[in-house]
Amino acid sequence: MGERALSAGPPQAHRAPPRGAGAQQPGVSTPIAALALRGVTCTFVSRDTRSQRYTAVEDVTLHVAPGEFVSVVGPTGCGKSTLLNVGAGLLEPSAGQVHVFGQPLLGINRRAGYMFQTEALMPWRTARANVMAGLEFRGETDAGAQADEWLKRVGLGGFGDRYPHQLSGGMRKRTSLAQTLVLDPDIILMDEPFSALDIQTRQLMENEVLELWAAKKKAVLFITHDLDEAIAMSDRVIVLSAGPAAHPMGEFVIDLPRPRDVAEVRVTPRFVDLHKAIWDVLRDEVLKGYAQQKLVA
Amino acid sequence: MWSVIRPSQKTLRLWQVMVLVAVFVFWYAMTTPGLIPPLMFENDRQAAFFFGEPIKIFARVWTWFITERDIYQHLWVTLLETVLAFAAGTIGGLILGMWLALSPVAGAIFDPYIKALNSMPRVILAPIFAVWFGLGIASKVALGFTLVFFIVFFNVYQGVKEVSPTVLASARMLGASRNQLLRHVYLPSATSWVFSSLHTSVGLAFVGAVVGEYLGSSRGVGYLILQAEGSFDINTVMAGILVLTAFALVLDWAVGRVETHLMKWQPRAGETEKL
């Protein structure tokens, strides 16, 4: 126990001084975040009419510590995915900074893996070749062996030679999971990865992800509109306001004991309390978001 | 008796053959001099003069392939022209299509010219190509190229534009460099579109070769037809058309085989999981 504390403490203390100069912004002096968004604003300009603007997120500051599982919940269309794309480096924010382990992010976030909401597998590659893809891009030689191992780990040992269209939705998600995790990223970004799955498959996958996460303790930024899912899986839940110009409304530490079973944890009194507390904040935003969507339509 | 040969899935081939036989029997009956009284013409030899006689046509094909064996060199030339035009057109269309699709500035500049060239009736270029490239293989390949190129070009352009943004973002997150994106994402997506137009483009390469030969050449099946027309030898013309049709069917079948082999990652309608 003492040994772990010792090994966990000093590196951060050592690492802090050289980067301290760059990390003078308030609130980030404590351990270097795996992923830090500071004052991020994203404004989209319509391609045809320059005057039409839409600010998806405004002045969002959030941190994910190494090994921490953070969920972002919010009403639909509030810019949750935008935040994730900013963290991934796929989208450059209009204002604000992104830091990855203390370094400013330029271009694609090389230390992050991304699980998309929609189909992201290359349809012309078999499941195995899809899992191998990232390793191939890096030029690793034992890509095949690693891919086989990960396919087995996500329970697709015998399905490596299938093409995505020959797999069920759940199997495709598991292939995506293996594709992301085989690269051993330090940060895992997940954009409602299980929203398209039926409830049973979904709970199985959630437990699987928690198990894999517990073994490796990566930083996870998890986007979802499902509050139950967010509470069951996370260490911390951040509530985003309704768009446009969405921003964090509240932050809740989820102190439910681990390991958790996503189905069983839902009936514990503490879960119900947390759910009520977060829902009180979220409810108004959901209604606001709904009213705005109705207005547009 | 009828219950046995009634059209169904099993007797499909039989019925298809019967249609073919019926066409030839009708043709034979209408054209053979003196078999039935002339219906359309004053003279009973005129039908044979205009439409040819099936027996003589088959005799012609027989001498070409079996006794004289002189059609192989012509077939070979036509096949070579088709394959070269197809290959050149596909590669050209692939490269230019990828380039214009991935470089918005170049795409915007060349867009009106590509459209203009595509709407031009390109068969009219055949005589010009004959002047430029001579009466040999090159002018036919050039004509086939202009026909194939645009089919492939537009399909590649579409294929690159329609790459799923999620797949693209995913590949970038997996660490693909620009070259790797080109090779592992854009190219497979574009080729899937090219293969979907494979039947059309091979067919057009074939049309280009034959039309080119017909307009001026010294070898090839189109040349044989042109020669026979010069001497009003309708039977040889018809024999040439039959050979070309059979040849086109063989090409189409070969393309189908290649297609099923290369496109096995694409779902087919109604396909179920094989367990």
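In chain B, residues S139(B), K140(B), L143(B), G144(B), L147(B), V148(B), I151(B) and V152(B) of α8(B) meet T200(B), S201(B), L204(B), A205(B), V207(B), G208(B), A209(B), V211(B), G212(B) and E213(B) of α11(B), contact meaning that C-beta atoms placed from the backbone lie within 7 Å. This is a predicted model, in which local features need pLDDT of at least 70 and side-chain atom pairs count only at pLDDT 80 or more, while totals for chains, interfaces and linings use all residues. Residues are numbered from 1 along each chain as its sequence is written, and chains are lettered from A in the order in which they are written.

**Helix pair in chain B**
- By class, the contact of α8(B) with α11(B) has 10 nonpolar, six polar and two charged residues (Ala, Val, Leu, Ile, Met, Phe, Trp, Tyr, Cys and Pro are nonpolar, Asp, Glu, Lys and Arg charged, and the others, Gly among them, polar).
- The axes of α8 (residues 137-161) and α11 (residues 198-215) of chain B come within 8 Å and cross at roughly 155 degrees, which makes α8(B) roughly antiparallel to α11(B) (a term for angles over 145 degrees).

**Where chain A touches chain B**
- 21 residues of chain A are in contact with 16 residues of chain B.
- On the side of chain A that touches chain B, α3(A) gives the most, with four residues.

**Confidence in chain A**
- Chain A has a mean pLDDT of 82, and 89% of its residues reach 70 or more, pLDDT being the predictor's confidence in each residue, from 0 to 100.
- Over residues 1-29 of chain A, pLDDT stays under 50.
- Where pLDDT is low, the predicted coordinates should not be read in detail.

Conventions
Axes are lines fitted to C-alpha atoms, for helices over the stretch in contact, and angles run from 0 to 180 degrees between N-to-C directions. Helices (H or I, at least four residues) and strands (E, at least two) are DSSP runs, numbered from the N terminus. Angles under 35 degrees count as roughly parallel, over 145 as roughly antiparallel, 65 to 115 as roughly perpendicular and the rest as oblique. Two residues are in contact if their C-beta atoms, placed from the backbone, lie within 7 Å.
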